[in-house]
Every structure is written in structure tokens, then in C-alpha cells.
Amino acid sequence: MKPPAGYLLRMEARVLEAIFPGTTDVPGLCRERALPFLAMFHDQSPRTLRLALHASAIAFVMATPLTVGALRPALLLAPEVLARHTEACAGHRVYLLRQALLMLKTAGGFCWGADQAVRSSMSVAGYKPDPLKAGCAPATSEESGP
Amino acid sequence: MIRARDLGEHLPFQTDGDCEIEADYAVVGSGAGGAAAALTLARAGYRVALCESGAWREPADYPSSFFGALRDLCADWGTLFSRGRSLIPVLQGNCVGGTTVINSAIMVRLPGDVLAEWQELGLGDVFGEGAFDRVQDEIEEELGVEPMAGPQLGTSGELMLAALRKLKMEGHAMRRAAPGCEGRGQCLQGCSAGRKSSLNLQWVPETLSRGGALLSEARVERVRIKDGRALGVSGHFRRVGARREQPRKGSRFVIHTKRGVLLAASSTGTAPLLQRSGYRHAALGRNFMAQPGAGILGVYPDAVHMERGTTQGVASMQLRESHGVKLESLSIPLEILAARVAGAGVGHADLLERYPHMAMWAAAVRAEARGTIRPSPLGPSAPPTLRYEPTRGDTQRLRAGILELARLHFAAGAQQVLPGVHGLPTRLGPDQLDLLAAAPLDNRCWTWVLTHLFGGCVMGADKRHAVVGTDLCVRGVDALHVVDASCLPTTLGVNPQLTIMSVARLVAERLANETTNRSTG
Ligand SMILES: Cc1cc2nc3c(=O)[nH]c(=O)nc-3n(C[C@H](O)[C@H](O)[C@H](O)COP(=O)(O)OP(=O)(O)OC[C@H]3O[C@@H](n4cnc5c(N)ncnc54)[C@H](O)[C@@H]3O)c2cc1C
């Protein structure tokens with residue numbers, strides 16, 4: 001599968017920004033932070049997960065007739081209408097739309113919840129960077145402890 | 001700690017030509033069942049080849065983030081969902097040590113009522129009470145099982161324990177295989193402090209030191225069966241966590257066995273593997289069972305910091321007999337909170353901000369539902385197809401458990417609870433418990449997760465219902481055995497790993513004794 005086009009990533013980043021707006025005390029998930037995360041996500045994750053994220057973002061953008069009765073894509077709505085749409089998607093009676101939102105919240109949560117700025121704003125200990133290794137061998141005697 | 005140069009062979013991902021190995025036994029899967037069986041056979045002097053589709057990870061390689069855990073330690077990145085009316089995520093480990101690497105290390109002994117049920121199913125000879133007690137004692141000793149205490153419990157655990165006492169309910173600090181647990185709240189990410197006695201750190205290295213071989217990133221695709229006898233296994237190395245430009249598929253491997261093949265690829269792996277190998281039995285892939293669970297968050301006036309302290313420290317068996325529900329404290333990382341809290345946007349953000357004041361407690365249901373597990377039509381490396389749906393009765397039991405947990409939260413001083421149930425308000429106060437008591441019984445309204453899985457190739461005396469007979473062989477095939485959660489004939493109503501390890505050890509002991517007797521006889 002080819003890497004997702006830049007516009008698809010930018011759309012997903014804007015969707016996540018709408019879902020994670022932040023508060024005065026705790027930062028949200030801004031698109032500048034979401035973009036590199038999404039690029040990594042799409043680079044490393046399996047096809048099913050990538051497709052699920054694309055499909056969920058598209059469902060979010062196109063579901064406006066079901067939530068706020070608007071005929072334009074969510075990202076073209078005025079900010080306060082977009083906020084209403086976002087909230088309505090999460091509690092919508094259509095199960096698959098709720099699931100799409102859950103997928104977006106899960107993926108966005110990985111980025112938002114691991115963000116050092118978010119964690120320190122809540123006095124939650126930060127994470128060390130993840131050491132990605134594709135199947136490392138057992139430690140050698142020099143590396144392992146006694 | 002065992003050092004690499006003292007170990008037997010470890011063959012990680014290979015690309016240079018086919019790989020053939022001869023062994024007495026091949027064991028497929030290095031989790032709770034597989035590692036237990038492999039070590040028992042290795043201790044009895046057999047040469048064991050252990051095949052694991054996941055990678056070898058040292059605690060220093062464990063990720064910190066939950067995203068990293070899904071990528072580096074979990075099966076299919078957690079993308080396996082049970083399909084029914086609702087989609088329920090299934091979480092399992094995929095690394096050397098299997099799910100024991102990402103689990104909470106809780107060790108609960110097999111309840112007497114379950115053993116009695118098994119004996120009624122014709123398994124009394126294999127699993128006598130004395131034998132079970134002996135192996136459970138041994139395993140607890142080897143893995144350093146001890147009750148959690150003091151700061152290990154964290155504030156969330158202490159609050160739950162206090163609330164259980166206040167409401168005069170049974171409650172206890174859990175016994176866990178995590179000696180000297182530092183309470184980092186990172187069990188799901190594999191415990192980089194190295195305190196958890198996961199089997200990649202315990203029994204797999206010992207198996208290697210006793211001359212065993214380990215093939216990691218090695219997915220078994222077929223059990224080789226000829227003339228009613230298992231002759232070995234074959235498959236391909238497959239790189240875990242490969243980037244898109246890296247090759248995923250590696251060399252082919254074949255293991256020729258002299259004495260037998262033991263399957264321990266978990267309840268989602270073993271039945272599909274047998275099906276792909278051409279084995280047929282009416283009950284194969286059926287009787288998939290689970291103990292699905294869900295949690296409820298309490299919001300407290302003072303900081304709780306559920307991420308401090310062990311991931312799971314306190315439990316109650318109060319509702320086990322009456323409702324088939326076990327109650328547990330369960331801290332969730334900040335990354336997961338976003339998905340767990342209802343809503344999205346501004347109101348959601350206001351709630352997320354309260355994370356330091358939240359405690360999550362969960363209910364696991366001994367569900368009556370039965371499902372099916374089948375291999376994916378997309379090939380051996382694609383997640384299997386799981387059809388499973390909790391029954392209305394199961395949802396009723398879950399609701400009863402969640403209601404009890406809400407009462408406990410309020411008894412512990414919570415101001416609100418966040419039930420996460422579609423159709424209910426996002427937050428409930430102490431005077432709104434009647435809403436929770438009448439919460440919808442539609443599964444799609446609840447946030448279930450499947451972590452305790454059973455069945456798919458159950459054992460028992462009934463030929464039509466049980467794939468594995470009381471002689472512990474897969475019916476109709478000599479020298480083929482199942483030693484993981486998929487052979488358990490019922491759910492347990494408690495955390496299953498100690499039972500799975502014990503069953504595997506008992507089966508392997510029997511095999512070792514039988515072959516010894518045969519060769520000396
Ligand atoms: C998040 C979580 C927390 C849990 N906490 C607890 C707890 O605290 N206490 C408790 O008792 N239980 C707990 N459990 C459940 C417990 O860990 C499992 O029930 C148990 O590990 C299952 O053992 P198993 O041998 O059947 O499978 P696993 O331990 O999952 O091992 C199966 C192994 O087989 C490998 N495999 C699969 N297919 C193939 C193949 N084709 N070729 C080669 N290898 C293959 C997998 O990669 C895996 O390593 C938890 C489970 C989860 C998901």
C-alpha cells in the first residue's frame with residue numbers, strides 16, 4: 001500500500017484537533033503535533049489499522065447531515081458548529097459512527113496521552129522514548145545483569 | 001540471569017535459506033501454556049524446539065507508551081475484534097513470553113468448583129486435586145508470587161480496599177508474580193523495571209539453557225500430520241514491527257519431531273492453526289469462551305493518580321458465585337483514557353483534565369456466551385475471524401458488577417462516576433444509581449474488552465464436543481497435544497494464567513513420564 005497522500009494526513013490531523021481541543025490548563029492535540037504522529041502511525045501500523053483510521057476520519061467528515069443537518073464536510077463548518085458535530089458523533093445512535101469516533105479517539109489518544117506537555121500539566125510522569133527494535137536477540141552477557 | 005552465550009540456540013528472524021531442525025518435541029507459542037510445557041519437557045531431558053511468532057524483547061526494549069506496547073508486544077496491534085452485533089477488541093501478547101509479558105501478573109488458583117466441573121467432564125484422572133495443588137505450589141514458588149502491599153497498591157487500590165471493607169464485602173490485595181513490584185503502573189507495557197516474572201524472563205531462558213531451541217518471529221503455519229501422527233511443524237519467519245520498506249517474510253522453517261507437537265498458540269491461534277493444517281473435527285474452532293470485562297471511572301475530590309501503584313492490586317470475589325463477576329482495580333494509562341471517557345470535543349476535554357483525580361475499577365464476567373474462531377481467508381499471518389457476542393444474561397451480569405463498583409466508588413468518596421455506557425449521562429452522581437441499574441442491555445452500549453479467552457479446542461470425554469480426549473491427544477492424531485487456554489473446557493471466573501500454566505505442566509509431565517515408562521518398559 002502506498003503512503004497516504006499529504007492531504008489525507010492533514011485532514012486526519014484536523015479531525016483529531018477537533019476531537020481533542022484542550023482546556024485552559026491542559027493542551028489539546030494540535031495539528032502540528034498530530035501530523036508527525038500520523039505519519040509514523042501510517043508508516044508502521046498494519047493495513048487494517050490504517051484503513052480503519054482513514055475510514056473513520058472520512059466518516060467523521062461526511063457525517064454532518066446526520067448530526068447537525070449540514071450539507072458540507074465537517075472541516076468546512078464554523079468552529080461552534082464543528083464542536084456540536086464532534087460531540088454529536090460521539091453520542092450518535094448509529095453504532096458504526098460511534099465506533100468511528102472511538103477509533104479516532106483511540107488513535108488520537110495515543111499521541112495526546114503520551115505528549116510530555118500534556119502529562120506534565122497533570123503531574124503525570126513523562127515517558128522515555130520507545131526503543132523500536134524489529135526483533136532483537138537476547139541480551140549478550142555484557143549487556144545483561146548478574 | 002542466564003547469559004546469551006550460555007543459552008541453547010536462539011534463531012530470530014532469518015532470511016538466508018530454509019531452516020530445518022530436529023527435536024523431540026516442538027512447542028508452538030511461548031506464552032503461559034507453551035513456556036510451561038516446554039520447560040517441563042526440557043527439565044525431563046528432552047530437546048524442545050519452541051516456535052514463537054513474536055519477537056524476543058528484553059525489559060530494556062519494552063516501550064513506555066501504550067502505542068509502543070501495541071506495536072512491539074501485542075498481537076496484530078490489538079486489531080482483532082470479535083464480530084457480532086458489537087465489535088469487541090481482543091488484546092493478546094505477541095512476543096516471546098506471550099501474553100504473560102503484557103498481563104498484570106495476577107495469580108489465582110483454580111477454584112474448587114471449576115475443578116469439580118472438569119472432573120464431571122471426565123478429566124478427573126488427569127487433573128486430580130492433589131496434582132493441581134502440587135503444580136500450583138511449585139509455580140507460585142518459582143515465579144515468586146506474593147500479595148501486593150503498601151505503596152504497591154497505589155491510592156486507587158487502597159480506596160477500593162477501604163470501600164470493600166466499608167460495605168462489608170469480600171476484598172483482598174492480589175497475589176501477583178511480580179516480586180518487589182515497584183508500582184510503576186506499566187504492566188501493560190511489559191514492566192521495564194523487570195519485576196514481573198513474565199515467562200520470557202523465566203522459563204524460556206531456562207528451556208534454552210537446558211538445550212532447547214527458540215525460533216522467534218517464526219510463525220507456524222502448519223502442523224505436519226501423516227498417517228494419523230504429528231511429525232512436526234512448518235512455517236515462515238516474519239519480521240515483527242517491520243517498516244513498510246523492510247521485507248516482512250523471511251526463510252521457511254521446518255521442525256521434525258520424534259515424540260510430539262504441543263500447540264499453545266492461544267485461544268485465537270491454536271484452533272485456526274489446526275484448521276489450516278487440514279485437521280477436521282466438528283467441535284474445532286467452536287466453544288470459544290471468554291471473561292469479557294468493562295470498567296467504571298470514579299472521580300474523586302483529591303488526587304488519586306491511578307498510574308502510580310501496580311496496574312491491578314485489589315480484587316473482590318463477592319459476586320463470583322452469585323453473578324459470575326470478579327471485581328478488580330485496574331489503572332489505565334492516560335492514552336487510553338481518551339477512548340474510555342464518553343464524548344468528544346470540549347466537554348470531553350474537561351473530563352480528561354480530571355485524570356489525576358480518577359480511579360478505574362473493572363468487572364470481569366464469567367460469560368455463558370460461546371463463539372467460533374476460524375482462520376482468516378487472507379492467510380496465516382492475518383488475524384483470525386472471531387465471532388463472539390456476550391448474551392443478554394452476560395450483559396446483565398456486567399451491569400450488576402458495574403453497579404456494585406459504582407457503589408464502591410461512592411463509598412470511597414467519589415463525587416461522580418463515569419460509566420461510559422451509551423444512553424446514560426456521561427457523569428452520574430450518588431443519587432443517580434437507579435439509572436445505572438436500568439442501563440440498556442444492548443451490548444453495543446457498553447465498552448467491553450476481551451482479555452481472558454478460552455476454548456476453541458476443548459478437552460473432555462465427550463467425543464463430539466471435545467477436540468482433545470482424556471488421553472490428552474488431539475482426537476485421531478497421535479503425538480499432537482494442546483496445552484494453552486484453548487483446551488480449557490470451561491471458563492473459570494478468575495484470572496486464568498496460573499491454571500493454564502498448571503494444565504500445561506501436568507500434560508507435559510504426563511508426556512515425559514509416559515515416554516520414560518515406554519522406553520524403560
Ligand atoms: C492485558 C491482559 C492482562 C491480563 N492479566 C492477567 C493476569 O493478571 N492474570 C492472569 O491470570 N491472566 C491475565 N490475562 C490472561 C492471561 O495472560 C492469558 O489467559 C494467558 O497468557 C493465555 O495463555 P496462552 O498460553 O493460552 O496464550 P498466550 O500467553 O497468549 O501465548 C500464546 C503465544 O503463541 C504465539 N503464537 C500464536 N500463534 C502462533 C503461531 N502460529 N506460531 C507461533 N507462535 C504463535 C503468540 O505470539 C503468543 O506468544 C491477561 C490478559 C491480557 C490480554
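Begin with chain A: of its 146 residues, 51% are buried. Keep in mind throughout that this is a predicted model.

**Stop 1: the fold of chain A.** Switch to cartoon view and you will find 7 helices and 0 strands in chain A. Following the sequence, the pattern reads α-α-α-α-α-α-α.

**Stop 2: the surface of chain A.** Display the surface, where chain A exposes about 6900 Å².

**Stop 3: confidence.** Colour chain A by pLDDT: the mean is 88, and 87% of the residues reach 70 or more. Now select residues 134–146 of chain A, where pLDDT stays under 50. The model has 35 contacts beyond four places in sequence for this stretch. Where pLDDT is low, predicted coordinates should not be read in detail.

**Stop 4: two backbone angles in chain B.** Most residues other than glycine have a negative phi. Select B:Ser266, a residue other than glycine whose phi is positive, near 85 degrees. You will find B:Ser266 in the loop between strand 12 (249–263) and helix 7 (270–276) of chain B. Is B:Ser266 buried or exposed? With a relative accessible area of 18%, B:Ser266 is buried, since the cut-off for buried is under 20%.

Finish at B:Ala479, which is not a glycine either, yet has a positive phi of about 60 degrees. B:Ala479 sits in the loop between strand 21 (453–454) and strand 22 (480–482) of chain B, and is buried with a relative accessible area of 8%.

How values were computed:
Residues are numbered from 1 along each chain as its sequence is written. Chains are lettered from A and ligands numbered from 1 in the order in which they are written. This is a predicted model: local features need pLDDT of at least 70, side-chain atom pairs count only at pLDDT 80 or more; totals for chains, interfaces and linings use all residues. Side-chain values use heavy atoms; hydrogens and water are left out. Helices (H or I, at least four residues) and strands (E, at least two) are DSSP runs, numbered from the N terminus. Buried means under 20% relative accessible area, exposed over 50%, partly exposed in between (1.4 Å probe, protein chains only). Accessible areas come from the Shrake-Rupley method with a 1.4 Å probe; for residues, only the protein chains shown count as cover. pLDDT is the predictor's confidence in each residue, from 0 to 100. Contact means heavy atoms within 4.5 Å.
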